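Open your viewer and load the model. Keep the selection tool at hand, and follow the stops in order.

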Amino acid sequence: MLTKRIIPCLDVKEGRVVKGVQFVELRDAGDPVELAAFYDEEGADELVFLDISASHEGRETMVDVVEQVAAKLAIPFTVGGGINSIDDMKRLLRAGADKVSLNTAALLNPYLIQAGADYFGSQCIVVAIDAKYDESLGSWRVYTHGGRRETDWEVVKWAQESVKLGAGEILLTSMDSDGEKKGFNLALTKAVSSAVSVPVIASGGAGEASHFLSAFEEGAADAALAASIFHYKETSVKEVKSYLKEKGVQVR
Amino acid sequence: MIGIIDYGMGNLYSVSKALERMNVECVISNDRDVLFEAEGLILPGVGSFRDAMSILQETGLDSFIKEEVARGKKMLGICLGMQLLFEESEENGVTEGLSLLKGKVERFPGVTEVGASYKVPHMGWNKLEFQQASPLLEGVPEDFVYFVHSYYVKDFAEAELLASSTYDVQVPAVVGRGNVFGTQFHPEKSSNVGLGILKNFVNLVKEEER
């Protein structure tokens, strides 16, 4: 039996973790490598690094960060943000990332998913989808550019198309739930998870341990991702896991 | 010195970094002379079986690997690298493998016998079930390791199955015969359990040196 995965997400800008991380006991709160090691220690099953650097230099720094994280960590990690080409993927995977996550670039050029999957294998290619509910459509739409631009894609359709092109995993963020801490968007997660054959990571809205349970049980998610509740120590990976174990969910 | 065979398929850095953390010298290379000097070989790999085999053939690394294994050099295949040790794979059409171990590689059915569908790839942490004692598993707990794969080994020889996991079907997770070993999961990404297995492999190589 596969376990359900708990995935902390780190936003990295110009080589530093941002989003007000509060780890008083760490010497350097903004160091992605130290934070990664901390989450590893806590029992995180995987990590996601989101590069939100605006500059070319920032992107280059990310390659260094990946190398350092790979040197210290013995759990898998995904890197996303600003990946536009096979060369970008190659650099990050060569530096030690296990998977790359494509978002806007995949929507602008879906062939990138296929090219990446052909070159590195589907297991390396995560497609990240930012989803927002559309009243008139009665369904969810895909957004790009960090949630700033609406596309014509309906979320379930785009997820299916991504998998057809070779995506090995879907990282699904509910823009409606994100930051609200009221729980993952279960209807959205369920809709996508039951429509595709690959694992789905639920993201956006985690506020407490019970939200993870619902994501797995009602949302049928394979993994769940959170950032701020872990960063702000509102709960910990360890706490979430012992709660899940108590509720009979298989975790590592 | 451990030689990590670089044939352009995937992530070599995480394997070499794991070894470096254990203070084990290693070299990443596609040069047969360099790899020849190594006391043990690791064949990593992600990607497609067919592409991997054709690169190994083009570069002559396939015959090099077979010769080195025949000479008694310790060899560890990881993930796709493990699958390549077997006779054939059906990935993208049937392709012949290195045939160092008995078995063939097939895709997970994705549907159980009673018709329930499940996700492929087999991605995430799954529990090892030890099948027989092996120096590779010595002192290692029967615990969770990290898998990412859509194909698995079938029709293997029982004697070559060291540990398995269950994901609808029985998934050979650690295999081996003589000086040839393989792990379907990524030991370099499987926290302390995986590092224990890597360490055991390194120790086997070192014993050979003495």
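This tour of a predicted model begins where two chains meet and then visits spots inside each chain.

**Stop 1: the interface**

Colour chain A and chain B separately. Now select the residues where they touch. On the chain B side there are 29 residues, in contact with 40 residues of chain A. Together the two chains bury about 2,700 Å² between them. Carbon and sulfur atoms account for 54% of that area.

**Stop 2: charges and polar contacts across the interface**

The interface of chain B and chain A has 3 salt bridges by the rule used. Polar contacts between the two chains come to 17 residue pairs, counting those with both residues at pLDDT 80 or more.

Next, show chain B as a cartoon. Which of them gives the most? Pick β8(B), which contributes 6 residues. Now colour this side of chain B by residue class.

**Stop 3: two helices in chain A**

Move to chain A. Select helix α5 (residues 111-120) and helix α6 (residues 155-165) of chain A. They pack at an angle of about 35 degrees. Their axes are 8 Å apart.

Show the side chains at the contact. From α5(A), take A:I113, A:Q114 and A:A117. From α6(A), take A:W158, A:S162 and A:L165. Of these contact residues, 4 are nonpolar, 2 are polar and none is charged.

**Stop 4: a ring pair in chain B**

The whole structure has 13 aromatic pairs over all chains. Go to one of them: select B:F108 and B:Y152. The ring centres are 4.9 Å apart and the planes lie at 25 degrees, so the pair counts as stacked. Trace the chain from one to the other. B:F108 is in the loop between β7 (104-107) and β8 of chain B, while B:Y152 is in strand β11 (residues 151-154). The two are 44 residues apart.

**Stop 5: a salt bridge inside chain A**

Over all chains, the structure holds 23 salt bridges. Select A:R5 and A:E46 to see one, at 2.8 Å from N to O. A:R5 sits in strand β1 (residues 5-13) of chain A, and A:E46 in the loop between α1 (32-42) and β3 (47-51), so the bridge ties together parts 41 residues apart in sequence.

**Stop 6: two backbone details**

Return to chain B and zoom in on B:V120 and B:P121. Is the peptide bond between them cis or trans? The bond is cis, with omega about 10 degrees. B:P121 lies in the loop between β7 and β8 of chain B.

Finish at A:E14, in the loop between β1 and β2 (16-17) of chain A. Phi of A:E14 is near 45 degrees. That is a positive value in a residue other than glycine.

Note on methods
Residues numbered from 1 in each chain as written. Chains lettered and ligands numbered in written order. Predicted model: local features only at pLDDT ≥ 70, side-chain atom pairs only at ≥ 80, totals over all residues. Heavy atoms only, no water. Contact = heavy atoms within 4.5 Å. Buried area = accessible area lost by both parts, 1.4 Å probe. Salt bridge = Lys/Arg side-chain N within 4 Å of Asp/Glu carboxyl O. Polar contact = N/O pair within 3.5 Å; in protein donor to acceptor, adjacent residues only side chain to side chain. Helix = DSSP H or I, 4+ residues; strand = E, 2+ residues; numbered from the N terminus. Axes fitted to C-alpha atoms, helices over the stretch in contact; angles between N-to-C directions. Nonpolar A, V, L, I, M, F, W, Y, C, P; charged D, E, K, R; others polar. Phe/Tyr/Trp six-rings, centres within 6.5 Å; stacked < 30°, edge-to-face > 60°.
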